[in-house]
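Subject: Structure handover

Hello,

Please find the structure below, with notes on what was found in it.

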Amino acid sequence: MNGLLPHDESVFVAEVQPNNVVGFASVGQSRDANGVGELRCLYVTPEHWGEGIGRDLMSSSVNALVACGFREATLWVLDSNNRARRFYETSGWVVDQGAKQEMIGGITICEVRYRRTLA
């Protein structure tokens, strides 16, 4: 049993100075798989890429999922976001067979799912 209800979410924020947010991440119960955690988003402003902020947010996110009792987690990423995909792969995430397309504002968005064992 995990510590998050299906709609619960934990959010982590990275600041370089007080009130100067440069990144954030959120985790919760997977929206498409029971008993699995999900990294719902991770974002760092481009001017702060390469400073370790993404790695710190990833670490906090994974630790929170483990603390909630999840042994596995997923995330969704745009299939065309090669930079993010390399980051996730370097962080131990592996593409699984999940893929989806959504229409947003008249544009088709294609995403792929990554999975990672946590414990």
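How many nonpolar, polar and charged residues are in the lining of the second largest pocket? The lining has 7 nonpolar, no polar and 6 charged residues. In this division Ala, Val, Leu, Ile, Met, Phe, Trp, Tyr, Cys and Pro count as nonpolar, Asp, Glu, Lys and Arg as charged, and the others, Gly among them, as polar.

Before the rest, the ground rules. The model is predicted, with local features needing pLDDT of at least 70 and side-chain atom pairs counting only at pLDDT 80 or more, while totals for chains, interfaces and linings use all residues. Residues are numbered from 1 along each chain as its sequence is written, and side-chain values use heavy atoms, with hydrogens and water left out.

Pockets

A pocket is an open set of points on a 1 Å grid over the protein atoms alone, where a 1.4 Å probe fits and protein lies on both sides within 12 Å along at least five of seven lines; lining residues have an atom within 4 Å of a point. A volume is the space filled by probe spheres set on the points, which are joined across faces, edges and corners. Helices (H or I, at least four residues) and strands (E, at least two) are DSSP runs, numbered from the N terminus.

The largest pocket has a volume of about 630 Å³. Its lining consists of 24 residues, and L42, V44, W49, A84 and F87 are the closest to the pocket centre. Two or more lining residues come from each of β3, α1 (53-67), β4 (72-78) and α2 (82-90). β3 gives the most, with 6 residues. By class, the lining of the largest pocket divides into 14 nonpolar, 5 polar and 5 charged residues.

The second largest pocket, the one asked about above, has a volume of about 170 Å³. It is lined by 13 residues, and R31, W76, K100, E102 and E111 lie nearest its centre. β3, β4, β5 (94-104) and β6 (107-117) each supply at least two lining residues, and β4 gives the most, with 4.

Salt bridges

A salt bridge here is a side-chain nitrogen of Lys or Arg within 4 Å of a carboxyl oxygen of Asp or Glu. The count comes to 8. For exposure, buried means under 20% relative accessible area, exposed over 50%, and partly exposed in between (1.4 Å probe, protein chains only).

Two of the residues nearest the centre of the second largest pocket, K100 and E111, meet in a salt bridge with an N to O distance of 4.0 Å. K100 lies in strand β5 and E111 in strand β6, so the pair ties together parts that are 11 residues apart in sequence. K100 is partly exposed at 30%, whereas E111 is buried at 15%.

D32 forms a salt bridge with R113, and the closest N and O atoms are 3.5 Å apart. Because D32 lies in the loop between β2 and β3 and R113 in strand β6, this pair ties together parts that are 81 residues apart in sequence. D32 is partly exposed at 39%; R113 is buried at 16%.

R115 pairs with E72 in a salt bridge, with the closest N and O atoms 3.4 Å apart. R115 is in strand β6 and E72 in strand β4, so parts 43 residues apart in sequence are tied together. R115 is partly exposed at 23%, and E72 is partly exposed at 29%. Salt bridges that share partners join D32, E72, D96, R113 and R115 into one network.

G37 is in strand β3 and is buried, with a relative accessible area of 0%. Contact means heavy atoms within 4.5 Å. Not counting residues up to four places away in sequence, G37 touches G28, S30, L65, F70, E72, A73 and T74. The C-alpha atoms of G37 and C68, 31 residues apart along the chain, are separated by 8.7 Å.

A33 sits in the loop between β2 (20-29) and β3 (37-44). At 17% relative accessibility, A33 counts as buried.

Helix α2

Which residues of α2 are buried? They are A84, R85 and Y88. Elements that cover these buried residues include β3, α1, β4, β5 and β6. The face of α2 turned away from its buried side carries the exposed residues R86 and T90. After α2 comes G92, with a positive phi near 95 degrees.

Regards
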